[in-house]
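Okay, thanks for coming, everyone. Let's take a look at this one together, and I'll talk you through it.

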Amino acid sequence: MTAKKLAHSALLMGVIILASKFLGLLRDIMVASAYGTTEAAIAYSTASKLPITIFDFILGGVVTSAFIPVYNSLAVKKGKEEALSFSQSYLNLILTITTGLTVLGVLFAPWLVGVIAPELSESTAALATELSRIMFPMVIFVGMAFSFVGFLQSEGEYNIPAVISLVSNMIMVGYLFTLNEKFGVKGLAVAMLVGWIAQAAVQLPAVIKRGFRFRLTAPLSTPEITRAAKNTLPILIATWTTPVCNLINTNIASGIEGGRAISALDYANRLYIIIVGLFSFVATNLLFPYFARAAASGNSEESDRLTRSSIRILVFIIAPISVGVAVLAPEFISLIYENGVFNSADTAITAEALRAYSVGMVFASVCEVLTKAFFAVEKTKLPMISSLVSMSANVAVILIFGKHLTIGGIALVTVFATLVNMAINLAFAYKYKIITYSAKDLVSIVKSILSAIIMGAGVWYASSLLEGSSRIIGLLIPILCGIVIYGVVSLIFASEEMKSITGIFKKKGTAE
């Protein structure tokens, strides 16, 4: 793919994902307004974690990450028919596993709620159990949706997979606008299930168009399935850091503020994921199939170039956002969530969590790129090792300080684990020549971080001058000041990324 086509695909994906993230944010705002940090909100936050967390533990990133390298290798070396045959068998395997998980999840829901949030009141735990049983069948459709995502991305189709979250968020928002008052939080759980069914269904036409056919008789035991399965455990463990940290967070948070900390962390984490996911999702999901094809063709130089440039660009974009969110966390939460049942006290504890989470935005983005680069060359044991070490670090900190942690402290522990994960992945990437060392890259990253820190000081000063103003003005003016300051400082530092942006506008001006 040419740089121009890659940029066009990234831009289109970015627009689609931005629309999806906006709807996701609207969904969260409406949930916060309707339920705040009440018993229903605590139960919903707890219950919605169960199916996704268990899916992440048993399958998680395996669905696409184990599929894409094998599919692309078969397509390059043996042709599309062999690759299609593998994809049919692979889907059958995923459906078999997810159906079993659903049955077990429904049967053991009360025990699972007790494990994930042991200090909930009896009535909250009972409601969480009921909600989790409604939502557990979505595990089947999560597996199907991600299988289709892997297939379509391998075929060069990125826009349909990007649209799936937009569709499910539309369903959730539609429910909250029209039916929430009548059916309440149980109806919300049903809407979440319907949203995941839609994520799988909306991809079907594109999947069928590209040659995929359902074959229930497709064998589950083939050399290609065995090859994918060999990478399963390392990939799983490599993706466990986030779900493990979330489980630990929920467990500790269930005893803080009468369980309100669970909802506060959930609201903050969702906003954090929206911000980080918008950029890292585009970069990693767009480039992963190209990493895999480059590896299958033996083109390590192209893979190295894509990986390093992705990291530089993500740091340039996310570093100022991270600093800005840390400085303006209370203003963000107040404007976005503080309405209806969600009050100023909820804003305070949610902002504390968001401020802590924001510190790890750059770490998470870099880690995501490196992990996908490892998966592409099927060196899956390396990110597995870094994940195990980071989880161990997380557990060690919790064991030492757990009972003394505040809401912000719980979030910072997750950030610390992400930092450890990123550092070890970087060390492995250089050692095994997944990426090569470049002083130019390092200088570029340092410039971006320094520019973001200087910007943060300006944003803080602007915010302090506007104290007592309206919520919109108190957030909008500092953000605009931050954009200007970051741009000016980046130009002064002669940032390569900023030069590229100004170069695009200069070319447009010349063309006109």
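Let's start with a question: of the contacts in the protein with a separation of 6 or more, what share comes from residues 24 or more positions apart? It's 86%. Keep in mind that what you see is a predicted model.

Now, the overall picture. The protein has 23 helices and zero strands. There are 512 residues, and 55% of them count as buried.

H19 runs over residues 381-401, so to speak, your stretch of 21 residues. From its first C-alpha to its last, H19 reaches 30 Å, close to the 30 Å you'd expect at 1.5 Å a residue. Quite a few names in H19 are buried, among them Leu382, Pro383, Met384, Asn394 and Ile398.

Next, the empty spaces. Rolling a probe the size of a water molecule over the atoms shows where empty space is left. Here the count comes to two cavities of 30 Å³ or more.

The lining residues include Phe67, Tyr90, Phe148, Phe151 and Phe212, along with Ser87 and Ser147. By class, that lining has seven nonpolar residues, two polar ones and no charged ones.

That's my tour, thanks!

Notes:
Residues are numbered from 1 along each chain as its sequence is written. This is a predicted model: local features need pLDDT of at least 70, side-chain atom pairs count only at pLDDT 80 or more; totals for chains, interfaces and linings use all residues. Side-chain values use heavy atoms; hydrogens and water are left out. Helices (H or I, at least four residues) and strands (E, at least two) are DSSP runs, numbered from the N terminus. Buried means under 20% relative accessible area, exposed over 50%, partly exposed in between (1.4 Å probe, protein chains only). Contact means heavy atoms within 4.5 Å. On a 1 Å grid over the protein atoms alone, a cavity is a set of points where a 1.4 Å probe fits but cannot get out, and a pocket is an open set with protein on both sides within 12 Å along at least five of seven lines; lining residues have an atom within 4 Å of a point. Grid points are joined across faces, edges and corners, and a volume is the space filled by probe spheres set on the points. Ala, Val, Leu, Ile, Met, Phe, Trp, Tyr, Cys and Pro count as nonpolar, Asp, Glu, Lys and Arg as charged, and the others, Gly among them, as polar. The expected span of a helix is 1.5 Å times one less than its number of residues.
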